[in-house]
Amino acid sequence: MQRKIVEFTNILRKAGVRVSVAETIDSFLALDEMSLDDRELFKDALRTTMVKHWDDIPAYDRLFDLFWSGFHDVLRDELGQAVAGMGGDFDLDQLMQQLQELLANMDGDVDLSELARAMLSVDANSLEQLIQQAGEESGLDGIRNMLQIGFFSRRMLEQMGLEGAGENLRDMMEQLREAGMGEDDLARLGDLMKAIQEALRRSVRQYAERELDKQNHDYMERFRRESLQEKSFYNLTEDDLRKMREVVDRLAQKLKNIVSIRRKRQRKGKFDLKGTMRRNMAHGGVPFELIFRQRRKDRPKLVVLCDISSSVSNVSRFFLQFIHSLQECFTKIRTFVFVAELGEVTEIFRNNDIYTAIDQALDGGDVINPYTRSNFGMAFNVFWRDHLASLDNRTTVVIIGDARNNYNDPRAWCLRDMQSKAKNVIWINPEAPGAWGFGDSVMDRYVTYTDVAEECRNLKQLSRMVDTLIL
Amino acid sequence: MFDTVEDVQKRLNEQQYICGKNIATVVFLAKALGKPVLVEGPAGVGKTELGKVVAKALNLPMIRLQCYEGLDESKALYEWEYSKQLLYTQMLRDKISEILEGANTLKEASERIASQDDIFFSERFIVPRPLLKAITSEDQVLLLIDEVDKSDPEFEAFLLEVLSDYTVSVPEIGTLEAKHIPLVFLTSNNAREMSDALKRRCLHLYIDYPDEAAEIEILNTKVPGIDSRLVEDIVHLVQRVRELDLKKTPSISETLDWARALMVMNADSLETELVNDTLNIILKHQGDIQKAQSELNRLLEQKAAERAADTPQPVEPDPGKKSVLH
Ligand SMILES: Nc1ncnc2c1ncn2[C@@H]1O[C@H](COP(=O)(O)OP(=O)(O)OP(=O)(O)O)[C@@H](O)[C@H]1O
Ligand SMILES: [Mg+2]
């Protein structure tokens, strides 16, 4: 049992569910405490000890059903059918009893392989074990596609020694004939053994098919998880968008934890003598409480300019979700949206929950017309005219856009002035640097006036950018 | 001690807590293995309540540590009682001549004073907070660490230490060891994800919204005397509402509130008007209400049609009921 559980944890791990050794041991302890007859209890007990993330639960459920799928039942079924195929008047028990008696009387020289013996006594448990063993020995967990099923089934049957067992049984039937078994019974026994052989072939094949399912499932599951973080923003389905929203939340949470631990480390500032004296006046000047001067870590002020034209809106969407989930890491966030016009949507974020605010902002937020053609030059010019004065050396400007300017005047000098007033200008571009400056891209012109300009096409890259922002 | 998983289920039921085998299994194992349980799930599905009823079912005193942002060791574990210490200093000053009597050198004098330190920092001057109380209690207790996700990651790290060996070290006194390992329930709303290290130490339980049958049972238990058809209607609707994409999904507490309100209003089944008038009990956002309304009205009509088909002779609606509202 324990071995089977360890094997199961390996399957879970491959599907991205992290199970530690300690947790595996916990599951052994848990199973010691309860009866294993109730499959649901068994499933719950394994889950509570091994699966600690709620969003791993669906994967666990599927894998559990696959893994503990009762191949046992399959095998039992096949064997049952083999017996039933012998006809209505066939009495297995009687045959078995006769066999037992004869075998007991035959003096010791019956030499049966384990498989032959299990077949002869139609012992589903032993047969299952033998099949499992054969699976392990033939490296069945390496199975990857349908075409390999035949190959692996044959290999397993060889491992089990089905051919040998057949001869083994024929020899034994000779001995049985000499020991006085009737021809009718012998014929029946022969038929039964043939039927069981066939049943085993079919079962082994099913066993291999199930293993393939298991392995494929791992693969799909892992693929799904990894791909969301790496999936390009350009082709997201509605469903992806919803799921990514959660992924962003998780990533943001992770960043937040990191930041808060960083902060805590920095928090223990210098000893503050005056503060300590003041605080402890009440205790007659005996310093019970020590006061440390907080070392203020400069949190950046952020000004974000989001291109909301459809080619970039998803980058903007997730970037906005990130920074607004991380609000407390910044002193202040001002958010602007633009296509050709530019408008401020900071208020929208103040007055709505984050998802509503993002939706509204990406729709122009009633401050700009979103259905125009991109004109970065014009948008920057508006910012330069109305907001340049608000930039100072503690402000980081983040621009999200593809710099595809529809052959308008880029007015790069606006960006130059912004850079000289701000602490940093960071540009997040969903296009790869190879494309910058080609066609109607004027990124090559703008790059000169940025401190950092990076390609950002998926969540992984985006979260890395955000991390450097709050460092 | 619980005998079996069924026993857990039965005894929690006696405390008016309705739970399936999945919850009961985890509770059973927590007690049997002496491991803490981390209970996660959406708001109002009975996470806190579970801790409370387990304490009652096992007849254990419950100690609750409510977590919040900024909670630190001094609020959770212990604090020195400064004022008492100060008082003691005063006393010490009065006694000082006595203590110093016969001391010949400065060294001897300061040694004598130093020997008084031990008393100064002793358990006498400690104000125990929930964690210390749970650990030093004479009897086993159930420690409910509520909304642990609201605490800071640093506090979580500290909690982890306490939960791994159930000892607490007070630098001035030494190590205090638990006489009985408390049964620990931690609840979280997932405001922030707990660290893997903490999760490894705990059994994990995810409580989701109850299914229709379970929620009906909860209402029947918690709102005695309520009409069974009304319960069915309420639960059916709430379950549908939960399927919508809402800002705030109604929880069990809201279902209970709704049921109680409707009972007070003497309603015996749900009709469109009544639902529209009371929807604000289960939904708090205007946007959510609007979203739910059209969906619910459709459902109610469908339901009314089904009922009409079921009952060949339509019963005259009692005019005394439901008009309470207007
Ligand atoms: N299974 C249940 N059986 C009976 N009553 C329940 C059950 N689950 C929840 N309740 C009731 O629902 C209400 C809300 O439960 P509780 O406060 O424990 O929720 P919670 O999960 O702790 O919520 P939060 O996350 O907001 O703290 C309580 O009044 C409780 O009595
Ligand atoms: Mg609670």
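This is a predicted model: local features need pLDDT of at least 70, side-chain atom pairs count only at pLDDT 80 or more; totals for chains, interfaces and linings use all residues.
Local features need pLDDT of at least 70, side-chain atom pairs count only at pLDDT 80 or more, and totals for chains, interfaces and linings use all residues. Residues are numbered from 1 along each chain as its sequence is written, chains are lettered from A in the order in which they are written, and side-chain values use heavy atoms, with hydrogens and water left out.

The contact (heavy atoms within 4.5 Å) takes 32 residues from chain A and 30 residues from chain B. Between them the two chains bury about 2,700 Å², 60% of it on carbon and sulfur atoms. Buried area here is the accessible area (1.4 Å probe) that two parts lose on being put together, summed over both. On the side of chain B, the residues that lose the most area to chain A are B:Tyr82, B:Glu154 and B:His204, together 20% of what that side buries.

Chain A and chain B are also joined by 4 salt bridges. A salt bridge is a side-chain nitrogen of Lys or Arg within 4 Å of a carboxyl oxygen of Asp or Glu. One pairs A:Arg18 with B:Asp196, with the closest N and O atoms 2.9 Å apart.

Which elements of chain B give two or more residues to the side that touches chain A? They are helix 2 (21-33), helix 5 (82-100), helix 9 (153-165), helix 10 (196-201) and strand 9 (203-206). Helices (H or I, at least four residues) and strands (E, at least two) are DSSP runs, numbered from the N terminus. Helix 2 of chain B gives the most, with 8 residues.

Over all chains the count comes to 37 salt bridges. In chain B, the side chains of B:Asp7 and B:Arg11 meet in a salt bridge at 3.0 Å, N to O. These residues are separated by about one helical turn, because B:Asp7 and B:Arg11 are 4 residues apart in helix 1 (residues 5-14) of chain B. Both B:Asp7 and B:Arg11 are buried (under 20% relative accessible area; exposed is over 50% and partly exposed in between, with a 1.4 Å probe and protein chains only).

B:Lys199 forms a salt bridge with B:Glu193, the closest N and O atoms being 3.7 Å apart. B:Lys199 is buried, with a relative accessible area of 2%, whereas B:Glu193 is partly exposed at 22%. Another salt bridge links B:Lys248 and B:Glu254 (3.7 Å, N to O). There B:Lys248 is partly exposed at 30% and B:Glu254 is buried at 12%. Elsewhere, salt bridges that share partners join A:Asp38, B:Glu6 and B:Lys21 into one network.
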